[in-house]
Each structure stands twice: as C-alpha cells, then as structure tokens.
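Here are my notes for you, written as numbered points. Please keep the structure open beside them as you read.

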Amino acid sequence: MRAQSSATTPTTIAVDAPPARTTGTVLAALGVVAFSLTFPSTAWGLEGFGPWSLVGVRSVLAALIAGACLLALQIPVPDRRHWAGLAVVAAGVVVGFPLLTTLALQTSTTSHAAVVVGLLPLTTALFSALRMGTRPSRTFWTAALAGAAAVAAFTVQQSGGALTSADVYLFGALLVCAAGYTEGGRLAKVMPGWQVVGWALVLCLPVSAPAAAVALSYEPVRFTAHSVAGLLWVAAGSQFLGLVVWYRGMAMIGIPKASQLQLAQPLLTLVWSVLLLGEHLTVAAPLTAAAVLVCIAVTQRARG
C-alpha cells in the first residue's frame, strides 16, 4: 500500500442538494437499523463467550474483513495527518463502546442498556458543536432535547426506574462513542466512510488480536447457534457494515442531523429484544415511537 499524497483534493459532498440529503438519510438510517441489533446480538454472544473474549474476537473478525477489502481494492494508506482522528474512532467506536456495553449487558437488560443509545444523538451533536464549530438552530436543539427526554423516560420506565452498577459502563460508552462518531463523521468528508471504519479496525488489530487470544485462554467458550450468530452479527454487521453506511450518511447530511436518526434506535432495539430475546414490551412503545418520529422530522428540517 502506498501513502496518499497530501496534495490530494478531498471530494466535497454537496450536503444541501436534495438527492444527497435523501441518500445520506437512507444510509444513516440503515446504519441505525444495523446498530439496533447490536445489544440483542451481544446478549446472544454472551451465552457462549465471556465479555472480553466476545469484544476481542468481534474486533479481530471485523478487522480481517476490513483489511481484506482494503487490500483487494488496493486502497492507499491515509495521510499521517488523519491518523490521530482514526485513533479516536478506534478508541471510541471499535474498542470503547463495544467493551463498555458488553460489560454492562452482563447485569443489565437490553431495554435498560438502550437508554445510552437514546442519549447518544444529543451527546454526538454536542461533541460536534465543540469539535467542529457547528451551530444548529434553537428549533433543532429543542426537538433533540425533547426526543432524548422521551427515549430516556421510556427506557428507564422499561427497566423499572432502577439504576444499577452497569450505568457507569453505559455512561462511559455514551461519551466515547459520541467522540468516535464525531471524529469519524469529520474524516468521512475527506475519505470514504468505509475506509474510515476499515483503517480504524486495522489500527486496533495489533492490540485486539493478542487481547482476544488472552481472553479466550481464560474465559470458557460454548459454541451455540445463538452465540455464533451473535458474534458474527456484531463483528460483520454492527462493527463493519453498519459503521460503513453510518459514516457515509453522516458525511452527506451532517453529524447533528444524522445523529438524531438514532433517536429511533432504542425503540428498534426493544422490538428486537421482544422478537429475539423474549423481553416484554409495554403499550407505551407506540406512543413513544410517535413522539420520537415527530422529533426526528423536526430535526431533519431544522436549519443550523
């Protein structure tokens, strides 16, 4: 692989063009659907793997997929100036969020853990404002706060309003993931989103491979249909394919607006939890879903 020339002119995406907005919204929404399966798939994976083994193996598998794609297409190594941002993506999205949420799901239900996802759009928009100087409108922030409050109230109510030790992990996951999303969205404006994800995964491989080997030697492994399916999804679906379309969508419609699509993610996660894990869903779900969809519509139309 050869290093990219620093003189390469980055491709600028016309965010204001209606086709670009539509395509970007669709791509970001596909990422949200992929992410909504992460917690149920992790719960499946934990049926046969320890938490450290699951995170380590999923990172290695995703890195191998990404590395194969980069090699097959002969993608040049990014400029040195981009590696600091890739390190933030790797620390937040590839390692931090998967590890912290997996540790949380050892003692937390998926419905309770989904509260972190409900607050993630607001946190991502805040990180974006601080990191990139974006200034969304007052209408945008009002709708974002309302949507986040609705999702938080719903998911906390689903868990009975009790706070557990897992919340420490979830709060940490919220912060590191928002930082990774923000930096990844910025990088996706100067290189394709799948390359951002791919290089971040490859960057972690020298750490994730030994970590996976050590974890597997200490934690027992039991191969079942659920544990294998869960591992494969979090590795290929959540860790790679979902991030590819998500970062591409963020680059096309902007980080604050794309992040608000994630307001629907906790509700989708709850649906998957019912279908895949047999968790009970209350009648409050459709009411919250309607409120969230209204908030999403408002944020998508608000001008920053």
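1. Where does H82 lie? The model is a predicted one, and in it H82 sits in the loop between α3 (51-72) and α4. With a relative accessibility of 6%, H82 counts as buried, because the cut-off for that label is under 20%. If you set aside the neighbours within four places in sequence, the contacts of H82 are L187, V190 and M191.

2. The loop between α3 and α4 also holds Q74. This residue has a positive phi of about 55°, although it is not a glycine. Is Q74 buried or exposed? Its relative accessible area is 63%, so Q74 is exposed.

3. Now for the aromatic rings. How many aromatic pairs does a search of the whole structure find? The search gives eight. One of them joins F35 and Y181, which are stacked, at 6.2 Å centre to centre and with 20° between the planes. F35 belongs to helix α1 (residues 18-36) and Y181 to helix α7 (residues 166-187), so this pair ties together parts that are 146 residues apart in sequence. Both partners are shielded: F35 is buried at a relative accessible area of 6%, and Y181 is buried at 4%.

4. Another pair to find on your screen is W83 with W199. Here the arrangement is edge-to-face, with 6.0 Å centre to centre and 75° between the planes. W83 is in helix α4 (residues 83-104) and W199 is in helix α8 (residues 193-218), so parts 116 residues apart in sequence are tied together by the pair. W83 counts as partly exposed at 25% relative accessibility, while W199, at 5%, counts as buried.

5. Which residues do ring pairs link into a cluster? They are F35, Y181, W246 and Y247.

6. Next comes some helix packing. Helix α2 (residues 38-45) packs with helix α5 (residues 110-132) at an angle of about 135°, and their axes are 10 Å apart. Because of that angle, α2 is oblique to α5. Their crossing is right-handed. On the α2 side the contact is made by F39, P40 and A43, and on the α5 side by T110, A113, A114, V116 and V117. What is the make-up of this contact? Seven of the residues are nonpolar, one is polar and none is charged.

7. Helix α2 itself is mostly covered, with seven of its eight residues buried. The buried residues are T38, F39, P40, S41, T42, W44 and G45. Among them, F39 and P40 also take part in the contact with α5.

8. Last, please look at W272, in helix α11 (residues 265-277). W272 is partly exposed, with a relative accessible area of 26%. Apart from neighbours within four places in sequence, W272 is in contact with V33, S36, L37, P40 and L277. P40 also belongs to the contact between α2 and α5. The C-alpha atoms of W272 and T110 are separated by 9.6 Å, although these residues are 162 apart along the chain. T110 is one of the α5 residues that make the contact in point 6.

Terms used: Residues are numbered from 1 along each chain as its sequence is written. This is a predicted model: local features need pLDDT of at least 70, side-chain atom pairs count only at pLDDT 80 or more; totals for chains, interfaces and linings use all residues. Side-chain values use heavy atoms; hydrogens and water are left out. Rings of Phe, Tyr and Trp (its six-membered ring) pair if their centres lie within 6.5 Å; planes under 30 degrees apart count as stacked, over 60 as edge-to-face and the rest as tilted. Helices (H or I, at least four residues) and strands (E, at least two) are DSSP runs, numbered from the N terminus. Buried means under 20% relative accessible area, exposed over 50%, partly exposed in between (1.4 Å probe, protein chains only). Contact means heavy atoms within 4.5 Å. Axes are lines fitted to C-alpha atoms, for helices over the stretch in contact, and angles run from 0 to 180 degrees between N-to-C directions. Angles under 35 degrees count as roughly parallel, over 145 as roughly antiparallel, 65 to 115 as roughly perpendicular and the rest as oblique. A crossing is left-handed if the near helix is turned anticlockwise from the far one by less than a right angle, and right-handed if clockwise. Ala, Val, Leu, Ile, Met, Phe, Trp, Tyr, Cys and Pro count as nonpolar, Asp, Glu, Lys and Arg as charged, and the others, Gly among them, as polar.
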